[in-house]
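Colleague: I'm new to this one. Could you walk me through how to read it?

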Amino acid sequence: ARALHQLSDRSEKPFIAINCAAIPESLAEAEFFGAKKGAYTGAHTTSKGKFLAADGGTIFLDEIGELDIGIQAKLLRLLQEGTLTPIGSHEEVQVNIRLIAATNRDLEDEVKAGQFREDLFFRLNVVPIVMPPLRERKEDIPLLAQHFLQRAGQLHGLDVPKLSADVLKS
């Protein structure tokens, strides 16, 4: 998701990643769409929410299959209309975002089980990118290992070691 953002015409705008599994259901709406001060107990300040913060850029919803069905409906509306309404407000706010979503669940199965909205699934499934697990693409391991060694070397100011053929075989 980050690479798609950085290689796009939105690269100068915000990239916001959200782990949907880590947001409590009770806070998801305010976290996503924002809230006006006093809209609910504990809303001591106005917050604009992640979608408004990502305006013009990209928002990455990791583990989207974990979202509550009620939030799914609001997300669908945002994708269809390009607007959101913060909690406690009566005014719609226009947003322009690219949405990238990921999940480890089979969303088609989730739709059949009634756990994921079919209309949202079709709205999200415009350009599916299927990433097979690493165990099914072992040939990628040497490239990934070298990449992460280079990143670690740059981060810590170290020379990057070259992996031997013996190491790469094991």
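Colleague: Among contacts in the protein chain between residues at least 6 apart in sequence, what share join residues at least 24 apart?

Modeller: A contact means heavy atoms within 4.5 Å. Here 63% of those contacts join residues at least 24 apart. Before we go on, this is a predicted model: local features need pLDDT of at least 70, side-chain atom pairs count only at pLDDT 80 or more, and totals for chains, interfaces and linings use all residues. Residues are numbered from 1 along each chain as its sequence is written, and side-chain values use heavy atoms, with hydrogens and water left out.

Colleague: How many helices and strands does the protein chain have?

Modeller: Both are DSSP runs, numbered from the N terminus: helices are H or I with at least four residues, strands are E with at least two. The protein chain has eight helices and five strands, in the order α-β-α-α-β-α-β-β-β-α-α-α-α from the N terminus on. Its radius of gyration is 20 Å, well over the 15 Å from the globule rule for 170 residues, so the chain is more spread out than a compact globule. That radius is taken over C-alpha atoms, and the rule is 2.2 Å times the number of residues to the power 0.38.

Colleague: Which residues are buried in helix α2?

Modeller: Buried means under 20% relative accessible area, exposed over 50%, and partly exposed in between, with a 1.4 Å probe and protein chains only. In α2 (residues 25-33), the buried ones are A28, A30, F32 and F33. Their cover includes β1 (15-19), α3 (49-53) and β2 (58-62). Just after α2, G34 takes a positive phi of about 85°.

Colleague: And how many residues are in the largest nonpolar core?

Modeller: In soluble globular proteins, nonpolar side chains tend to be buried together. A nonpolar core is a set of buried Ala, Val, Leu, Ile, Met, Phe, Trp, Tyr and Cys residues joined through side-chain atoms within 4.5 Å. The largest one here has 25 residues, and F32, F51 and I59 are among those with the most contacts inside it. Helix α4 gives the most to this core, with four residues. Leaving aside neighbours within four places in sequence, I59 is in contact with residues including I16, I18, F51 and L99.

Colleague: Where is the place of P161?

Modeller: P161 is in the loop between α7 (141-156) and α8 (165-169). P161 counts as partly exposed because its relative accessibility is 46%. Beyond neighbours within four places in sequence, P161 is in contact with Q146 and L149.
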